[in-house]
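Subject: Structure handover and notes

Dear colleague,

Please find the structure below, followed by my notes on it. I would be glad if you read them with the coordinates open.

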Amino acid sequence: MRAVLTVIGKDHVGILSKVANQCAESNANIIEVTQTVLQDLFCMIMMIDISEVNCEMSELVYQMNRLGEESGLSIHVMHEDVFNSMHRI
Amino acid sequence: MINTSDVLETIHMIQDQNLDIRTITMGISLLDCADGDLSRSCEKVYQKVTRCARDLVKTGEALEMEYGVPIINKRISVTPIAMLAAASGGDPVQYALALERAACEVGVNFIGGFSALVHKGFAAGDEALINAIPEALKRTDHVCSSVNIGSTKTGINLDAVRMMGRVVRRCAEITADNNCFAAAKLVVFCNAPEDNPFMAGAFHGAGEPDCVINVGVSGPGVVRAALAAAPDDLDITGVAELIKKTAFKITRMGQLIGTEASRRLGVPFGIVDLSLAPTPAVGDSVAHIIEEIGIEKCGGCGTTAALALLNDAVKKGGVMASSSVGGLSGAFIPVSEDAGMIDAARCGALSIEKLEAMTAVCSVGLDMIAIPGDTPAEVIAAIIADEAAIGMVNSKTTAVRVIPAVGRKAGEELEFGGLFGSGPIMKVNTFSPARFINRGGRIPAPLQSLKN
């Protein structure tokens, strides 16, 4: 089971590290990362494996949302199926 | 890897354009709850609803979290209560109270099915139920009611139409101190669908399985945003294509959530209702789509054509995205629930007559329209008859949900709050249709009904 994690916000030091740390804490394995900085807008999309996470998916979503609020970023975790069903036939 | 722009598009739709699943509605058959004793029948209803829907809200919330898609309402629809009232006799209000208790127990937003199907005539229980509607809606918060008074196959039951004119008025009168709210929970249908997940008209038809999950999607904001981002010189075929593509994506989301909810609840999946359902939130308006297509204000000349295109494109896009489509499936045009419609009605661009024309090409009917408090019951009945005639002749669902604003006049405002919104009281033509309505009887089924 995989989820897509997106981080959007003003660029600053340590974003990738904070998000990766939170993933590690929840035992979510990072499979792929795409990251760009346009002017000073940071945008990262991560594919994470959540089949062996040590908490409920809802807990992971909550933690990431909280991290987003603390760091002034918009962080979303959504099940991979949402994108697959929406954009692929 | 998933395409970056696809990911951002989806996030954008949910964050900024109000894409959501409007409702997961569990349909529950109460046929096995019928009992000759009223209180025993009510108890069976309560037990069955609370048993079947025990995990509905919890499952909805879990899906919302995991998939990151807001699910605004969790609802229940039940077998038309008139069928149970036929067996038990007694005061049907007791059923409404049992449904209310069950709705509060499982935590759903609405429960629909305080309904009667009288398109060809009244059976046992039907008249008692219809007469009990005002009291039932006054004494409950979550119960919604609907009555089907006509169909393409049967014609229009004018006796029922006359009755409903009075019932709608009565609903408003006995809740006059609460913005006439009972009338907002009552819909009068022609060709009512049996698997509609949307309130206030949801009920669980007699042909449906014991328990089923239906999903209603929403997303006027997404369609509007897609049109706003398109080049100005895009021709109308291009506009239709764009709406189709967008509707496809919205519906896929509904299909995904619906199948997953049905799997987790262990209940068969019914249908996705492909409706564009607006909310009073800014940017979630069907009227604004019409305006984006190129009409200065919704209600202006060209509105009906633009709406027909919108409605058709939504269905074409949605039908491929879902394994099973049903319910109302079309663009809704409720006045008080749509910021753009409210604006248009306030500035005089939109009249009831224009809305009536619009209902000929879209779902569902004259919906959430506040009318002057002194509108006679016969006029309300005649509004219902007009709408039903459009549905009957065009083989489509039409409905009327008007709210007589007791003690107020055209031009004033009525405020409901929440998803129901607020709206200006619209002017109604009051030349009397009393002689027509009081004739009673049944308008025969049109030639369109003879398809065999």
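Helix α3 of chain B is followed by B:G68, whose phi is positive, near 70°; helices here (H or I, at least four residues) and strands (E, at least two) are DSSP runs, numbered from the N terminus. This helix covers residues 56–67, and its 12 residues reach 16 Å from the first C-alpha to the last, close to the 16 Å expected at 1.5 Å a residue, where the expected span is 1.5 Å times one less than the number of residues. The buried residues of α3(B) are B:L56, B:T59, B:G60, B:L63, B:E64, B:M65, B:E66 and B:Y67; a residue is called buried if 20 or more other C-beta atoms lie within 10 Å of its own, exposed if 12 or fewer, and partly exposed in between, with C-beta atoms placed from the backbone.

Before going further, please note that this is a predicted model, in which local features need pLDDT of at least 70 and side-chain atom pairs count only at pLDDT 80 or more, while totals for chains, interfaces and linings use all residues. Residues are numbered from 1 along each chain as its sequence is written, and chains are lettered from A and ligands numbered from 1 in the order in which they are written.

Chain B as a whole comes to 15 helices and 13 strands. Along the principal axes, the C-alpha atoms of chain B fill a box of roughly 60 × 55 × 50 Å, and 61% of the 452 residues are buried. Of the contacts in chain B between residues at least 6 apart in sequence, 80% join residues at least 24 apart, a contact being two residues whose C-beta atoms, placed from the backbone, lie within 7 Å.

Which residues have the most contacts inside the largest nonpolar core? They are B:L99, B:I149, B:V161, B:M164 and B:I384, in a core of 184 residues; a nonpolar core is a set of buried Ala, Val, Leu, Ile, Met, Phe, Trp, Tyr and Cys residues joined through C-beta atoms within 7 Å. Helix α9 (residues 236–265) of chain B gives the most to this core, with 10 residues, and the core draws at least three residues from each of domain 1 (23–190) and domain 2 (220–449) of chain B, the bounds coming from an automatic or database domain assignment. Leaving aside residues up to four places away in sequence, B:I384 touches B:I149, B:V161, B:M164, B:G165, B:V188 and B:V400.

Some backbone features deserve a look. Most residues other than glycine have a negative phi, and most peptide bonds are trans. A cis peptide bond joins B:M199 and B:A200, with omega about 10°, and B:A200 lies in the loop between β6 (186–190) and β7 (211–218) of chain B. Another cis peptide bond, with omega about 5°, joins B:S363 and B:V364, the latter in the loop between α13 and β9 (365–372) of chain B. Phi is positive, near 60°, at B:N18, which counts as buried because it has 23 C-beta neighbours inside 10 Å. B:M368, in strand β9 of chain B, has a positive phi of about 50° although it is not a glycine.

Chain A has 3 helices and 4 strands, in the order β-α-β-β-α-β-α along the sequence, and 29% of its 89 residues count as buried. In the contact between the chains, 19 residues come from chain A and 19 residues from chain B. On the side of chain A that touches chain B, the largest share, 6 residues, comes from α3(A).

With best regards
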